[in-house]
Amino acid sequence: MEMLGNRRLAITQQQAWEALNDPETLKKCIPGCDKFELTGENTYSVGLAVKIGPVSAKFSGKVMLSDIVAPDGYKLTFEGQGGVAGFAKGSSSVTLRPLADAAPAAVPADAPVAEGAESAPAAPVGCELDYTVQAQVGGKIAQLGQRLIDGAAKSTADDFFKRFEAEMQSRYGPPPAAAPENAEAQAEKTGAMAGFMKKIGLGKKSDKDAEPGTGGESSGG
């Protein structure tokens, strides 16, 4: 089984990194997990209940972290035994990178800057997480078929991120509303500039300003 995905998180890269290295947070967010304990250097003992189609099992195993580059990512390998249900083993890589409130891409570098907006730097608005998973399963679980296994894996990943995002929101508060407000302000600024250019094109700027509703040429209709 192979799976890869990408998520945008409304927390900083550092906050995401700390959470992804906190056993209690992972235990709370991994569906069915009732044990995630540090047992050695970058090694954790894990226990979780798994249900795939008609097969339910309690898996116990370990997770080991390697290639750790804080706060950018790590690789983890895992193995678990579920008794008669079978086994699972594999690896995953997790990469984090910061996101910023991007400047409008269509504006040329030498374009004039609107008054009052010349010194607004890009502000961090969250981070992006990329992950890949390669896994092998054996026993009864392997007999269920690849489609059912892949569907269960995707559902588990979606459930994890829902829980993770809810946990981060309860810990750090809701995402800031700065980005939508900035976008709205930018739209207003663009509209004002378009109106200004229109007035210049028509010539009688002062007449239009004095009598905004009387000019048949500028009314929509």
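This is a predicted model: local features need pLDDT of at least 70, side-chain atom pairs count only at pLDDT 80 or more; totals for chains, interfaces and linings use all residues.
Local features need pLDDT of at least 70, side-chain atom pairs count only at pLDDT 80 or more, and totals for chains, interfaces and linings use all residues. Residues are numbered from 1 along each chain as its sequence is written, and side-chain values use heavy atoms, with hydrogens and water left out.

**Overall fold**
- The protein has five helices and seven strands, where helices (H or I, at least four residues) and strands (E, at least two) are DSSP runs numbered from the N terminus.
- From the N terminus on, the order of elements is β-α-α-β-β-β-β-β-β-α-α-α.
- Of the 221 residues, 26% count as buried (under 20% relative accessible area, with a 1.4 Å probe and protein chains only).

**Helix H1**
- Helix H1 spans residues 13–20, and its buried residues are Gln13, Ala16, Trp17, Ala19 and Leu20.
- Seen down the axis of H1, these buried residues fall within an arc of 165 degrees, so they line one face of the helix; the arc is that of the directions from the helix axis to the C-beta atoms.

**Largest pocket**
- A pocket is an open set of points on a 1 Å grid over the protein atoms alone, where a 1.4 Å probe fits, with protein on both sides within 12 Å along at least five of seven lines; lining residues have an atom within 4 Å of a point.
- The largest pocket holds about 1300 Å³ of space, the volume being that filled by probe spheres set on the points, which are joined across faces, edges and corners.
- Among the 43 lining residues, Ile30, Leu48, Phe78, Val133 and Thr156 are the closest to the centre of the pocket.
- Helix H3 gives the largest share of the lining, eight residues.

Notes
Buried means under 20% relative accessible area, exposed over 50%, partly exposed in between (1.4 Å probe, protein chains only).
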